[in-house]
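Here is a friendly briefing to read alongside the model. Keep the viewer open and follow the topics in turn.

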Amino acid sequence: METLWFALVAIMITAYVILDGFDLGAGILHLVIARTDEERRTVIRTIGPVWDGNEVFLLAGGGTLFFAFPALYAASFSGFYLPLCIVLWLLIGRAIGIEFRHHVDSRVWTDFFDGCFCISSALLAIFFGAALGNIVRGVAINKDGTFFAPLWTSWRVDNDPGILDWYTVIAGLVALVALAMHGALYVAVKTEGTLNRRARKSAALLWPVLIVITIASLLGTLSVRPQILDNYRNHPIALIIPVLVISALTGMAAFSRKGNDLRAFLSSCLYLGTMLVGAAFGLYPNVMPARNDPANSLTIYNTASGHHGLAYGLIWWGIGMALAIAYFVIVYRMFRGKVTADASGYGH
């Protein structure tokens, strides 16, 4: 039962990264690919009907974590208190950047909130990537299962690391580049003309950077946590994960060059999904490794709720997710197609 809930939490997080990832990516590139007010309004309209709904998976993932692994929830939310507060402020900054820019017809006003949208999106991507880097690298966990990670210490990966070090910075850069490309490919799917061409060009420029930073992150992961390969050695079928990562990277470039924006975007979804699944598979059964003493690591077994609660929770989780998925199907079908800057510009 613990393994099942571990998989469900991983699925929720993966869904959030894929769905809200293109919202963040559109924000990261907002000031790069959109030069005029009309183009900026168009970029915002590509994510306008769905960005806040996509955040449902972040809330649902947190709720699922709280229900299934309460000890992990308590330890991580207290140990990462400062960065979590920063993330909350950045989420607020992105929201007001999207919602407030059109309220006043002033260049200063719109430029300020466009900047909020762009900067908040970029920093969110970096912090989310660094968060995953902290989980893979591990933190200094006490015998009682608690920890506190300062924002940074010596920038080295030692037995008492901070939130930011050379490895987690690389993880943050991977997220920044990957989500920027994800957003560029999504904007290309949803737009036409000059904006579409700029989005494709941005994706083409980001692709080699993503290759390099992905390789750097994988080498860094093997350096700071060589144990992540243990599950792959024990279950060789999982080697399909790196094969899918390579296929996804190839597909992003190949389909984009051919002008097949949808398949390029789906390849980006596959890249993000397989990278996250690969990390989760390598960590299992750990959910928060301890760098100071492996015996203090938080696992799916010492952080999970009782078996009875986990069993009955599947019923309510299933009902809730069925409703959420139905909502997403309706919304994405309603606003499918290309968009323009005018109020009635969503495609049908």
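Axes are lines fitted to C-alpha atoms, for helices over the stretch in contact, and angles run from 0 to 180 degrees between N-to-C directions. With that in hand, α1 and α8 pack at about 140 degrees with their axes 7 Å apart. The model is predicted, with pLDDT of at least 70 needed for local features and 80 or more for side-chain atom pairs, while totals for chains, interfaces and linings use all residues. Residues are numbered from 1 along each chain as its sequence is written, and side-chain values use heavy atoms, leaving out hydrogens and water. Helices (H or I, at least four residues) and strands (E, at least two) are DSSP runs, numbered from the N terminus.

**Helix α1 against α8**

- The angle makes α1 oblique to α8; angles under 35 degrees count as roughly parallel, over 145 as roughly antiparallel, 65 to 115 as roughly perpendicular and the rest as oblique.
- The two helices cross in a left-handed sense, meaning that the near helix is turned anticlockwise from the far one by less than a right angle, whereas clockwise would be right-handed.
- On the α1 side the contact (heavy atoms within 4.5 Å) uses Y16, D23, L24, A26, G27 and I28, which meet F117, C118, S121, A122, L124, A125 and F128 of α8.
- By class, this contact has ten nonpolar, two polar and one charged residues; Ala, Val, Leu, Ile, Met, Phe, Trp, Tyr, Cys and Pro count as nonpolar, Asp, Glu, Lys and Arg as charged, and the others, Gly among them, as polar.
- C118, a residue of α8, is buried with a relative accessible area of 13%; buried means under 20%, exposed over 50% and partly exposed in between, using a 1.4 Å probe and protein chains only.
- Leaving aside neighbours within four places in sequence, C118 is in contact with G27, I28 and L31.
- The C-alpha atoms of C118 and H30 are separated by 6.1 Å, although these residues are 88 apart along the chain.

- With 0% relative accessibility, D20 counts as buried.
- Not counting residues up to four places away in sequence, D20 touches W51, N54, E55 and R94.

**Helix α7 against α8**

- The axes of α7 (residues 81-100) and α8 come within 8 Å and cross at roughly 145 degrees, again with a left-handed crossing.
- From α7, the contact includes P83, I86, V87, L90 and R94, and from α8 it includes W109, F113, C116 and F117.
- The residues in this contact divide into 16 nonpolar, four polar and one charged.

**Helix α12 against α13**

- Helix α12 (residues 240-257) and helix α13 (residues 261-283) have axes that come within 8 Å and cross at roughly 160 degrees.
- That makes α12 roughly antiparallel to α13, and α12 passes α13 in a left-handed crossing.
- Residues making the contact include I241, L244, L249, M252 and F255 of α12, together with A264, L270, Y271, M275 and F281 of α13.
- This contact holds 13 nonpolar, six polar and one charged residues.

**Nonpolar cores**

- A nonpolar core is a set of buried Ala, Val, Leu, Ile, Met, Phe, Trp, Tyr and Cys residues joined through side-chain atoms within 4.5 Å.
- The largest one has 59 residues, and I47, F57, L210 and Y271 have the most contacts inside it.
- Helix α9 (residues 166-190) gives the most to this core, with 14 residues.
- Another core, of 22 residues, lies apart from it; A75, I141, F147 and A280 are among its members.
- Beyond its neighbours within four places in sequence, L210 is in contact with V174, V177, A178, M181, L249, M252 and Y271.

**Backbone and loops**

- Most residues other than glycine have a negative phi, and most peptide bonds are trans.
- W155 has a positive phi, near 70 degrees; this residue lies in the loop between α8 (107-137) and α9 and is partly exposed, with a relative accessible area of 38%.
- The peptide bond from Y284 to P285 is cis, with omega near 5 degrees, and P285 lies in the loop between α13 and β1 (286-288).
- G48, in the loop between α3 (37-47) and α4 (51-54), counts as partly exposed at 26% relative accessibility.
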